[in-house]
Amino acid sequence: TKPRPGTAKLPPGSLGLPVIGQSLGLLRAMRANAAERWVQDRVDRYGPVSKLSLFGAPTVLLTGPAANKFVFFSGALALQQPRSTQRILGERSILELTGADHKRIRGALAEFLKPDMLRLYVGKIEGEVRRHLDESWAGRATVTVMPLMKRLTFDIISLLLFGLERGAVRDALAGDFNHVMDGMWAVPVDLPFTVFRQSLKASASARRVIAGITRETKAKLERGEASRSSNLIACLLSLTHDAGATTHLSEEEIVDNSMVALIAGHDTSSILMTFMVRHLANDPDTLAAMVQEHDEIAKNKGDGEALTWDDLAKMKFTWRVALETLRLVPPIFGSFRRALEDVEFAGYLIPKGWQVFWAASVTHMDAAIFHDPAKFDPSRFKDQSSATAPPCSFVAFGGGPRICVGMEFARIETLVTMHHLVRRFRWKLCCKEDTFARDPMPSPLHGLPIQLENKSSH
Ligand code: HEM
């Protein structure tokens, strides 16, 4: 709601030191696996709405389902990215756009990421998974899960987005993206030898590759050698051709949003799968139930026969394990919005221009919503439609008009990967410590090295 002038007061809390504010405290806590605790401590001290200063701007921290709903649905708030992210991903990325522009780009991405389109890709995703497991997992005594999952999800997404098969171009793009990621949350100072400069250079190089692919795809579409469903670029270009001004995407928009999809589409899901592997190593009952689900599906198939869309629909328990993993370790800790005007929430004023920060963990660990919240219990997601969990309480994928547009895609690649993983291997953790650092994405100790054993029947 819009406050009446002079009525609402600022939330409790302190803005801390000039410029630095509480940023260093939060960053330190993130690296020490204590970010969730850090946010909870603030909530214990000041309540669910408090003010602080993060990354150079006055900020209101909001927690709880009602606050999440406000953040996701309020028209007075716009998505806000760090300046570094904006420079790297470009000004026409979906993350920078609001209103009709956001709707148009989101509609275009959703056109490619909708189930009807994704079902055409199950075979390609499975092909990548099988090849990765054959080449990088099978026959090894130990592997490090996190980097392997990152490369797997990168290869899957670049196949879907650009039709890029294995080879030098994909390797070069993967190399560029490692550097792109390094500077996403860096101080945006473009000077020689800074992480940020390196990241900008890598981003420029990746952009040239994507622009080249866009031109090639355009020519292929004109020659009838590609169709709308060939890959994301073909889909976006076809929208341009088909539907005129309302859905038209410029080349800059295609490149910027391919960059976003490539980053958003591989980092998060690789983290989910890595933490599933970690959790399953410590939870034999959950693992056994998952193995049973996948053995049941494989029982009715010939050797090497491809998974179908219907098979994926049967992997209900596995998806619950994924959701419970996302509840306990949400890859996206939270994110920022910016107040476009003075706005009021829960009796407090959020002044125009201030940041709003929402953190997933507080609601995910609220015992009033998730009974015994520290316990890993996939059965709590058994009936997602039940009225027991209020809306906007499970927020690993965000919510509202900006809810993750790649959620269904993440589900498919996770299910396909876990199917082959649990059927082919047993594993044990090399590091027993149950900890992780955030930078800002969570990563387990040493990237999660595991001892691997091939199951005899495979
Ligand atoms: C486990 C995997 C994933 C998680 C946990 C996740 C999480 C999220 C979250 C929390 C948001 C909302 C951020 C906010 O409101 O500030 C988001 C947005 C987004 N995600 Fe995902 N994501 C995942 C996978 C993917 C995949 C596979 C893709 C692409 C193929 C993708 C593309 C996007 C895009 C483009 C947005 C921005 C949507 C918009 O602003 O309208 N994500 N994601």
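How many salt bridges does the count come to?

## Salt bridges

This is a predicted model. With a salt bridge taken as a side-chain nitrogen of Lys or Arg within 4 Å of a carboxyl oxygen of Asp or Glu, the count comes to 29.

One of the salt bridges joins the side chains of Arg 92 and Glu 253, with 2.8 Å from N to O. Arg 92 sits in the loop between α4 (83–89) and α5 (99–113), while Glu 253 belongs to helix α12 (residues 251–282), so the pair ties together parts that are 161 residues apart in sequence.

## The iron atom

Which residue of the protein is a donor to the iron atom of the ligand? Cys 404 is the only protein donor, through its SG atom at 2.3 Å. Cys 404 is found in the loop that runs between α16 (360–364) and α17 (407–424).

## Two packed helices

Helix α8 covers residues 145–162 and helix α9 covers residues 168–182. The two helices pack with their axes 11 Å apart, at an angle of about 120°. Angles of 65 to 115 degrees count as roughly perpendicular and those over 145 as roughly antiparallel; α8 and α9 are therefore oblique to each other. The crossing in which α8 passes α9 is right-handed.

On the α8 side, the contact is made by Arg 151, Phe 154, Asp 155, Ser 158 and Phe 162. On the α9 side, Arg 170, Asp 171, Leu 173, Ala 174 and Phe 177 take part. By type, the residues of this contact divide into five nonpolar, four charged and one polar.

Note on methods: Residues numbered from 1 in each chain as written. Predicted model: local features only at pLDDT ≥ 70, side-chain atom pairs only at ≥ 80, totals over all residues. Heavy atoms only, no water. Donors = N, O, S within 2.8 Å, 3.2 Å for Na, K, Ca; no water. Helix = DSSP H or I, 4+ residues; strand = E, 2+ residues; numbered from the N terminus. Axes fitted to C-alpha atoms, helices over the stretch in contact; angles between N-to-C directions. Parallel < 35°, antiparallel > 145°, perpendicular 65-115°, else oblique. Left-handed = near helix turned anticlockwise from the far one by under 90°. Contact = heavy atoms within 4.5 Å. Nonpolar A, V, L, I, M, F, W, Y, C, P; charged D, E, K, R; others polar.
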